[in-house]
Amino acid sequence: MSGDGKTHHTVQEFYALLYAMEHEAAERYDELANQMETHNNVEVAALFRELAAVERKHADKLKAHGQAVQAIRPRDMNVSRAFEMPETTPLDRVHYLMTPAHALALALENEEQAARCFAAFADAAPDAEVRALAAEMAKDERRHAAFIRERLAKLPAPPADWDQDLDPPRFSE
Amino acid sequence: MNDIAKRSLSFAVVGSGGAGVMTAGHMLLDAAARAGLYGLMSRSSGPQIRGGEAAALLRLAPSAVESHGDRFDVLLAVDWQNAHRFAAEIPIDGASLVIGDPGEGAVPEAFARAGARIVSIPLKAIAKKIPGGRPNMVALGVLGALAGLEAEALGRAVEGTLQKGGDALKASLTAMHAGVAAIAEAGLALPKLTATRANGCWAISGNEAAGLGAVRGGIRFVAAYPITPATEILEWLSSALPRLGGTLVQAEDELASINMAIGASYGGVPSLTATSGPGLALMTEAMGLAVAAEIPLVVVDVMRGGPSTGIPTKSEQADLNIALYGLHGDAPHVVVAPNSVADCLLTTQWAVHLAETLQVPAVVLPDQSMGQSRVVLDKPADIRFATRRLTAEAGPTNYKRYALTDGGVSPMAIPGTRGAVYTADGLEHSERGTPSSQASDHLAQLDKRANKLNQADYSRYWAEIEGEGDVAVVTWGSCTAPVKEALARARADGVSAKLVSLRLLAPAQPERLAAALEGVKRVLVVEQTHSAQFYRYLRSFYELPRETRVFHRPGPLPMRPGEIHNKIVKELAA
Amino acid sequence: MNIATAPKPFAANDYKSDYKPVWCPGCGDYSVLLAFTKAMAALQRPPEDIAVISGIGCSSRIPAYTNCYGFHGVHGRALAVGTGLKVARPELTVIVAGGDGDGFSIGGNHFLHACRRNIDLTYIVMDNRVYGMTKGQPSPTTEPDWDSALAPGGTGLRPFHPLVIALASGANFVARSFAGDPNGTADIIVQAIKHPGFSFVEILSPCVTFRPDQREWGKMVHPAAVAPTDDPARAARRIMTDDGFNIGVLYAGSRAPYKALTAPPADMAAIEKEFAL
């Protein structure tokens, strides 16, 4: 399941975990949108904003199933990435000159990560209801991933010098 | 005004190697106080930590003594080791009395050439006859008798200072009386000083007075880094503050002490640090931070000989420039200077008031001669300033720490206050406190920080103005007392001059000085610097009459009434 | 108390201000800010009872990004400011933050003495082994062979080992964290604040602009192999011989925190008595 995380969840707890995951993903996309806005990368900012809105919709649907029961430790959920929830874009994966293709690639990674995580739960969670729910969630995530893959395919690949900035870094203090 | 020179006696006592000269001087001052006289005592010593040559310099009078005179009536040497070092500080003449111990060799040429009357009193031999007797106690008796002090006053001074009691006390008293007897035997006497003071008095040093002024003003946090000659302020505060619910932290350097004081003040507690020139130089960056972030702060700089390490144990007024101009950028702040030992109390207290009211650093500029001199004075008046730091109430929405108010002072949120969080910043900022490089914000905040000082009411304390005349002496700090004495002398000669002694140096008060100098045709500026810093400051900010001259010289020797009087006669009276 | 009117607990976002940080996207400091907010939410102190003090540098920008009382002072002196504040207002939670240049170069002396004083505050250093704000000079923790304009070919100097220095100087709590793990970092910050005395947390926080090589840090960090010790000698041995990527609480001692001198209260008249003859 995960490193040192909990392995046995009730359905309530699992819903709380799901909500936390979507909520954190949304917050992270919003944070990244802010960063892109501050750094005048308008296109990617808009894209992150859009992704945030989508995750927020997912989160709202899950919230209806009950409040988060307690502070969830992401280690309860992690599968491959060491530190944060599967659908949360790590803060070090962005660049002020990143292109929409980069952003969508990250989103794709997130969805695939989440799908793998849920698949693992679907396989091995002790609670049958949790297994069923996880299987459903895995399907959802795979659908999201396909959607993003399609979108990504329509975008041109980033140019080789995408991170070239002719201006040197600035002092500010 | 009395001519104090006619009615004072000045004593110098020198000795070395644990002779206890300072203690004897201290007791003499104490005894004089108990006998109803006033006095001033300062000290001079060689560079050694212990065992070095030392001189205690006293002036006693029936009225308040604020500085040394032109000469010493008595020079008493317990021994002459390296005493020639003090020759320039102990001017004597044909009318003076030099008392030496024949067992300690001849009077050094540096003193002998003055032509004073030389008398031998075998202090050591006298002391030796008394078990546990010490030459400095004999010296005390000698000086006390010459000063016309009753044995009772001398005895109480000894008891008061030597807390030990028992045999040591007895021996000291016996030795002291032996000294008194020696004078009687020698048939020596000086014109008696008639004590007029009936009630009790205080004895206090300038540094202690500054410390007391600080706590009276409300200081409850002090960051301390020792430096000569300011350390005594910090040590006094170290024991007084905890008793008043305050705290003192010893810092690792002046950079730490100034920043600690800023941190505590940011936290809402009136804060202070004390230092001297070299420390002030280190503190200037953080003082600019306090200006920019509008944080109240008091920095006492007990000026010493400069530049650089300079002459740590001597006095000078040459930190004026760094106090006024030492902050980078346009960083208006308050600078005040006490004009006597006693005035260290009021001026420091006032500085706290100004700093807290105007949310700005206030530099206080006493000097070594004030800080480390001890005076006897009437109990100082209990003056209260209605000091109130303007703070923000809880819960304002969109709190603007640096709001552009009418008077320029904006409410300061103290950490803990609900709904008013802000980040204090050295970066230029908007009204909210957000860092800003916008021209409009910079101008607005510069105006705010300047206007709040320029619009403030500096009351009657901004300067001490005395006398009448169409000529005037303008001075500040420790020069004030010898100037006053010189002016009294001039008045006796028929020359009437005004005295203006500035207590507030920044922000400058050109209108008020113009009013004070109304009708004055000639001005003499008096200061103790090599480069005439005060004169140039006056020239920069004030209108001065066409005929304005300056008398300036550096430390380490104190300004004397006589030399100032000569200049007054030469420059003003002509 | 009526459940309906019970005060809402503080969420992590309650500790974040509206200001959008100007750090480069990808900067480790974003994670540190996130960790900070999570830590404060775990502690549940009102934001107004927390003060964040900083110096100068990219990391030192953090106070205004929080919703706590902030102080953005001059270069290297944050620990002094924090010390003054904590001694004057002991009931506040005081957190001092900054970078490796601010903290170990110009701030070095204050670092030693803050550890020695053991004042009850928490010092967080976002260590990216470079002076970022001034465009990429070596800092006291930079590797000796790191090439830069100011030191071509590298400084050739052995880097500072701040955790060992903290320990030797008397810090009561010494920990290392990695910005890439905001949750782990939040945990350590909580422990640091709860632990009495001076708590020092070095957070490895990559600089995306001047040290892109630090992307590798994510693969190099690992949890500390042994539990934290309260034996300074043992901690010193461990820390001096670790690879610099050992994550966790490395030392948690039991030295009593700094206590200001107190005295029986007196009024002004009693104080002034000593001058009366």
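**Chain C and its two partner chains**

In this predicted model, strand S4 (residues 122-127) and strand S6 (residues 199-204) of chain C are paired in the parallel sense, with six bridges between them. Within this pairing, C:Thr122 is found opposite C:Ser199 of S6(C). Helix H7 of chain C, made of residues 182-194, lies across both of these strands and also across strand S3 (93-99), strand S5 (173-178) and strand S8 (246-252) of chain C. Relative to S5(C), this helix runs at about 165°.

Nine strands make up an open sheet with mixed pairing, in the order S15(B)-S2(C)-S1(C)-S3(C)-S4(C)-S6(C)-S5(C)-S8(C)-S7(C). The edges are held by S15 of chain B and by strand S7 (222-223) of chain C; each has a single partner strand, so one side of each is left without a neighbour in the sheet.

S15(B) and strand S2 (residues 69-72) of chain C run parallel and are joined by three bridges. Here B:Thr423 stands opposite C:Gly70 of S2(C).

On the side of chain B, 57 residues are in contact with 46 residues of chain C. Interface size is often expressed as the accessible area that is lost when the parts come together. For chain B and chain C the buried area is about 4400 Å², and carbon and sulfur atoms give 61% of it. In chain B, the residues that lose the most area to chain C are B:Arg243, B:Glu252 and B:Val421, which together account for 16% of what that side buries.

The rule finds 24 residue pairs in polar contact between chain B and chain C, with both residues at pLDDT 80 or more. Several elements of chain B supply at least two residues each to the side that touches chain C, among them helix H1 (21-34), helix H8 (231-243), helix H9 (254-266) and strand S15 (423-425). Helix H9 of chain B gives the most, with eight residues. Sorted by class, this side of chain B has 32 nonpolar, 13 polar and twelve charged residues. Four salt bridges are counted between chain B and chain C. B:Arg418 and C:Asp49 meet through their side chains in a salt bridge, at 2.8 Å from N to O.

Five residue pairs are in polar contact across the interface of chain A and chain C, both residues being at pLDDT 80 or more. A:Glu24 forms a salt bridge with C:Lys38, with the closest N and O atoms 3.6 Å apart.

Over all chains, the count by this rule comes to 52 salt bridges. A pair within chain B is formed by B:Arg216 and B:Asp382, whose closest N and O atoms are 3.8 Å apart.

Conventions
Residues numbered from 1 in each chain as written. Chains lettered and ligands numbered in written order. Predicted model: local features only at pLDDT ≥ 70, side-chain atom pairs only at ≥ 80, totals over all residues. Heavy atoms only, no water. Contact = heavy atoms within 4.5 Å. Buried area = accessible area lost by both parts, 1.4 Å probe. Polar contact = N/O pair within 3.5 Å; in protein donor to acceptor, adjacent residues only side chain to side chain. Helix = DSSP H or I, 4+ residues; strand = E, 2+ residues; numbered from the N terminus. Nonpolar A, V, L, I, M, F, W, Y, C, P; charged D, E, K, R; others polar. Pairing = 2+ DSSP bridges. Axes fitted to C-alpha atoms, helices over the stretch in contact; angles between N-to-C directions.
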